[in-house]
Amino acid sequence: MSRTVISAGRVIDPANGVDALADVVIESGRIIHVGSPLSPRADDERVDASGCIVSPGLIDPHVHLREPGSEDAETIATGSAAGIEGGFTTLCCMPNTNPALDSRVMIEFINRQAQLHARCRVFAVGAVTVGRKGEELAEIRLMSRAGAVGFSDDGDVVESPAMMHRALSQIRLTGLALMQHCQEPTLTRGAVMNAGPTATRLGVIGWPSVAEELIIERDIRINRSIGCRYHVQHLSCAGAVEIIRRARSAGQPVSAEASPHHLLLTDEACDGYDTMAKMNPPLRRKSDVEAIRAGVADGTITILATDHAPHTAERKALPFDRAPFGIVGLETALALYIKALVDTNTIDWPRLIELMTVNPARLCNLDGPSHGLGSLAVGSPADITIIDPEARWTIRSADFPGKSRNTPFEGWDMRGRAVLALVAGRVALDRDGRARPRTDSPQPGAVAITR
Ligand SMILES: [Zn+2]
């Protein structure tokens, strides 16, 4: 059996406390060795990782792949290609599709489409309520059995406290997390950006931070007697960080994720009615950005996601108050996180890798024996991302493999990039020809993944 040998890279595997120059050897799609070089074989496929970081494949627990229903903006095929471009080998897609992913059948649909068309692993997050309408609990147990990796009505909050109580109680039995989109709806009716001087100047309805804080406070209180795993999606404000910090130090099963734009931009980016800066939750103030960074630094925020939200150019060209919320994130997230967190000395490389691999794997129960993702342990699937931390590049949305181009980071000069990605041992990305394949090696492209 021929092997793939990744040599001379800095192997960072936070799940196993590894940060060392080492070789990683792969056979039959699994990692068989991490450590000093083994004696070479003639038919080894070799990957030169010198100067690079060898990481478990990046995992994004929060993306929108728009399938089914909005395939003009993204599909599982194009969204997973965008993921691979950014170094992500696993994506967890949100259920706000049309129809919503609110049943066993819909989870099975995503699983099937992923097997047929995806270039990386794709798992579905099931809706909490039928049609994401907040009226009737969705078939939580059946979706869990079909392979859902969490539950969320993302795009909308689970509004009713009674429904939240039932949902937390049911989801607790699955061992999965409820991922909440924290937006108190009466405080945000008609709102399009952060409440503050910029919104006043632009003459648009503002969205106060307290709309996010209220839901988190309420949910934590409801969950106190239930003990479900509760996860705050894309938190945006200082108050949210503080509430989560307190809950975690009191031992509550609460986690939270950040997104790149909330770490790098403020609501002033909305000036000129720039719809690329229109997000849900909205961009906030500089003090909020600093509080989110502090939350990452002190371990309050343990997961870095993208909230990849593709929209067509036509829809983002609508007037500011009518344009959809959100930006694409998969192609740019790694470099933006390096800029926001490593270059500012907020966290170091091992911590960044932890927040983008093993922690999201744990959130979605992808780390256990059934999946083994987020780790480079011997026996794990060979999902590996090789990062050149010094690679210089410029964000050009025209080059994105995803279908949509809605990014506020166009033209930004970045440092650090995924140069090679393996999914189940097969090359899915090889940016600068580091892999020297055997002559019979399969070409990069669609990867058939055994789940
Ligand atoms: Zn959301």
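## A tour from the zinc site to strand S4

Start by selecting His234: at 2% relative accessibility, it counts as buried (under 20% relative accessible area; exposed is over 50%, partly exposed in between; 1.4 Å probe, protein chains only). This is a predicted model, where local features need pLDDT of at least 70, side-chain atom pairs count only at pLDDT 80 or more, and totals for chains, interfaces and linings use all residues. Residues are numbered from 1 along each chain as its sequence is written, and side-chain values use heavy atoms, with hydrogens and water left out.

Now show the zinc ion. Its protein donors are Asp154 (OD), His181 (ND1) and His234 (NE2), 1.9 to 2.3 Å away. Donors are N, O and S atoms within 2.8 Å of the metal (3.2 Å for Na, K and Ca); water is not among the atoms, so sites may look incomplete. Along the chain, the donors follow the spacing D-x26-H-x52-H. Asp154 sits in the loop between helix H3 (140–145) and helix H4 (161–174), and His234 in the loop between strand S12 (229–232) and helix H7 (238–249), 80 residues apart. Helices (H or I, at least four residues) and strands (E, at least two) are DSSP runs, numbered from the N terminus. Click Asp154: it is buried too, at 2% relative accessibility.

Next, select strand S4 (residues 45–48).

Strand S1 (residues 3–13) runs parallel to S4, joined by four bridges. Strands pair if DSSP finds at least two bridges between them. Find Ser7 opposite Asp48. Strand S18 (residues 435–436) runs antiparallel to S4, with two bridges. There, Ala435 is the bridge partner of Val47.
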